[in-house]
Amino acid sequence: MLKLITSAQMHEVDAHTISTEPIASVDLMERASKAFVCFFCNHFPDKNISIAVYCGTGNNGGDGLAIARLLKANQYENIDVKIARFSDHATADFDTNFTRLKEASVPFIELKAGDFPEENADVIIDALLGSGLNKPLSGAYADLVKHLNNIEKKVIAVDVPTGLLTEGVIDKDAIVLKADLVITFQRPKLNFLLPESASFMDDFVVVDIGLDENFIQNLDSNFELIEEKDVVKTVRPRKKFEHKGTFGHALLIAGQAKTMGAALLCSSAAAYAGVGLTTVCIPAPGLTALNSLIPEVMAIVREEKQMPEIEWDKFTVIGAGPGLGKDSTALMEALFANFKKSVVLDADALNMLSENSDWWQSIPENSIITPHVKEFDRLFGAHTSWWERLETAKKQAAEKKIIIVLKNQYTIITTPEGSQYFNPTGNSAMASGGMGDVLTGIITSFIAQKYAPAEAALLGVYLHGKAGDELALNNRSSVVLAAQVAAQVPVTLAKIIAQKNG
Ligand SMILES: NC(=O)C1=CN([C@@H]2O[C@H](COP(=O)(O)OP(=O)(O)OC[C@H]3O[C@@H](n4cnc5c(N)ncnc54)[C@H](O)[C@@H]3O)[C@@H](O)[C@H]2O)[C@@H](O)CC1
Ligand SMILES: Nc1ncnc2c1ncn2[C@@H]1O[C@H](COP(=O)(O)OP(=O)(O)O)[C@@H](O)[C@H]1O
Ligand SMILES: [K+]
């Protein structure tokens, strides 16, 4: 896991690294600037492009000055620097780099508030403000950023897009210099992982600047980014002599006439993810489709008005909700009355739960809910920002002793203990119907296979996204369908297990 930290903590890490490595802060700035330039040179190999580096007078601006000098040393000849000296304050490392810039004869001008020259460069490097932002942009900075946004150039931001808060509620009307790419130092900033950042930046990459990792990992933060090695550590390869009884029996309660596909998708995904036995509880019209698509899955047929006979004790885990419709409250109540092990609730199970809040007290501890944003808000009330949703998830997971999987580009898994794990896998080719149903099947399958529910959630979310990445990225496919992801899971899983075996 990579611990994710606030800007204030990042400043602590800088200070700690400077004093204990030890390294002069201006040398750390040089190291950060080199890391930026190294990525930039690979990304923009054409040395003839014209580049304008906009610098503030803090350390982000200091980085900008060092970057301009290093780019010139790397044979980028068409460089000029624009310094936004809108106050008397400049950091010592800015001043040192200003002297070095002049020594290296990189052309520069100092901008005057309200009088900005025309910009003809191909690329703008944004080194105006970084993680030191402590209030919304106003005055000359706001004017400059609006001016640069209007000219619609390619913008590469240093560490943070100017004007974007790295954590806390992002104001959707904030004045931010929109970046095509952010080359950020050491860690993704928390807000880069929340959907509101999409209005201000298209993408980011993280470059290592050699800060003290041990110190970062020991900082007090409940936010973590899942790494592949965590998943490699968690998976358990199958052993000789293990049989279907070893891998549990999952029941999925899903599907209705119009949305039978959801039942097929979640139950097949459970089977592909390796559960020993899968049963799906569906209405009769789904039976032929089920048997044709995936004969390995067994069925409990339910009639419209009649409760099906379910031997609850037979099942290791139950996943409920995909395509279920909202008129299955009696079945859900029977589930909660009869089944005391972890359940996985998704889709219509969550929609019914939001209208039957007394069910909460019957949901077994360490159960998992997998809402997308609308289901989350239906359950816990409307939110105006994702930062607030993070706080709500933490509070609700602790109060209800459940694991909350809030789905998105970077799905967030919140445990009852208050940890919040961001998942890095997955891509927009997966934004297609049925994808969540597959995730429900996968997580249910891992619980059946005796992974602890939090492990099953982490493993399931990571693998689901990774399977989608393999399909979309390796095949250059712009759309991936849910059934393809389900069928890819065993392949993805095998690659993870192979890493474990060395
Ligand atoms: N040793 C370090 O601390 C390192 C810092 N690095 C760079 O330093 C940056 C952080 O530098 P600083 O802390 O100097 O901060 P910034 O350069 O981001 O901002 C400079 C100053 O601007 C002022 N400011 C904040 N919000 C403002 C607003 N809305 N309008 C006008 N002025 C505002 C603040 O006084 C702030 O300290 C990082 O983003 C990174 O680019 C890197 O060089 C790596 C090492
Ligand atoms: N842009 C994306 N990047 C990563 N994952 C995505 C993206 N779009 C969708 N997904 C994943 O697909 C799933 C969609 O779930 P959900 O909205 O419940 O779909 P459905 O209701 O159609 O089954 C989630 O796991 C989500 O993380
Ligand atoms: K910046």
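The model is predicted, so local features are reported only where pLDDT is at least 70 and side-chain atom pairs count only at pLDDT 80 or more, while totals for chains, interfaces and linings use all residues. Residues are numbered from 1 along each chain as its sequence is written, and chains are lettered from A and ligands numbered from 1 in the order in which they are written.

## The whole chain

Let's start with the big picture. The protein chain has 16 helices and 18 strands; here helices (H or I, at least four residues) and strands (E, at least two) are DSSP runs, numbered from the N terminus. Along the principal axes, its C-alpha atoms fill a box of roughly 85 × 45 × 40 Å.

Of the 502 residues, 46% count as buried. A residue is buried if 20 or more other C-beta atoms lie within 10 Å of its own, exposed if 12 or fewer, and partly exposed in between, with C-beta atoms placed from the backbone. Two residues are in contact if their C-beta atoms, placed from the backbone, lie within 7 Å. Among contacts with a separation of 6 or more, 74% are between residues 24 or more positions apart.

## The sheet and its helices

Now look for the strands. An open sheet with mixed pairing is built from 11 strands, in the order S1-S9-S18-S17-S16-S15-S14-S13-S10-S11-S12; two strands pair if DSSP finds at least two bridges between them. Strand S1 (2-3) and strand S12 (298-302) each have a single partner strand, so one side of each has no neighbour in the sheet.

S1 runs antiparallel to strand S9 (residues 223-225), and 2 bridges join them. Leu-2 stands opposite Leu-225 in S9. Helix H13 (residues 386-400) packs on the sheet, where it touches S16, S17 and strand S18 (420-422), and its direction makes about 155 degrees with that of S16. Helix H10 (residues 329-338) lies across strand S10 (249-253), strand S13 (317-320) and strand S14 (343-345), at about 160 degrees to S13. For these angles, axes are lines fitted to C-alpha atoms, for helices over the stretch in contact, and angles run from 0 to 180 degrees between N-to-C directions.

## The annotated binding site

An unreviewed UniProt entry places the feature "binding site" at Lys-407, Asn-408, Gln-409, Tyr-410, Thr-411 and Gly-436. These residues span 30 residues in sequence, yet no two of their C-alpha atoms are more than 13.8 Å apart, so they gather at one spot. UniProt positions are given in the numbering used here, feature names are shortened, and annotations may be inferred rather than shown by experiment.

Is Asn-408 buried or exposed, or in between? Asn-408 counts as partly exposed, because it has 17 C-beta neighbours inside 10 Å. It lies in the loop between strand S16 (403-406) and strand S17 (412-414). Leaving aside neighbours within four places in sequence, Asn-408 is in contact with Pro-195 and Val-373.

Gly-436 sits in helix H14 (residues 435-448) and counts as buried, with 24 C-beta neighbours inside 10 Å. Beyond its neighbours within four places in sequence, the contacts of Gly-436 include Lys-407 and His-372.

## Two ligand shells

A residue is near a molecule if its C-beta atom, placed from the backbone, lies within 6 Å of it. Of the 27 residues around ligand 1, Gly-58, Asn-59, Asn-60, Gly-130 and Gly-132 come nearest. Helix H1 (7-20), helix H2 (25-43) and helix H3 (59-73) are the elements that give two or more residues to this shell.

Around ligand 2 there are 19 residues, and Gly-426, Ser-428, Ala-431, Met-435 and Gly-436 come nearest. H14 gives the most to this shell, with 4 residues.

Most residues other than glycine have a negative phi, and most peptide bonds are trans. A cis peptide bond joins Glu-21 and Pro-22, with omega about -15 degrees. Lys-450 has a positive phi of about 75 degrees and lies in the loop between H14 and H15. Arg-476 has a phi near 50 degrees and is exposed, with 7 other C-beta atoms within 10 Å.
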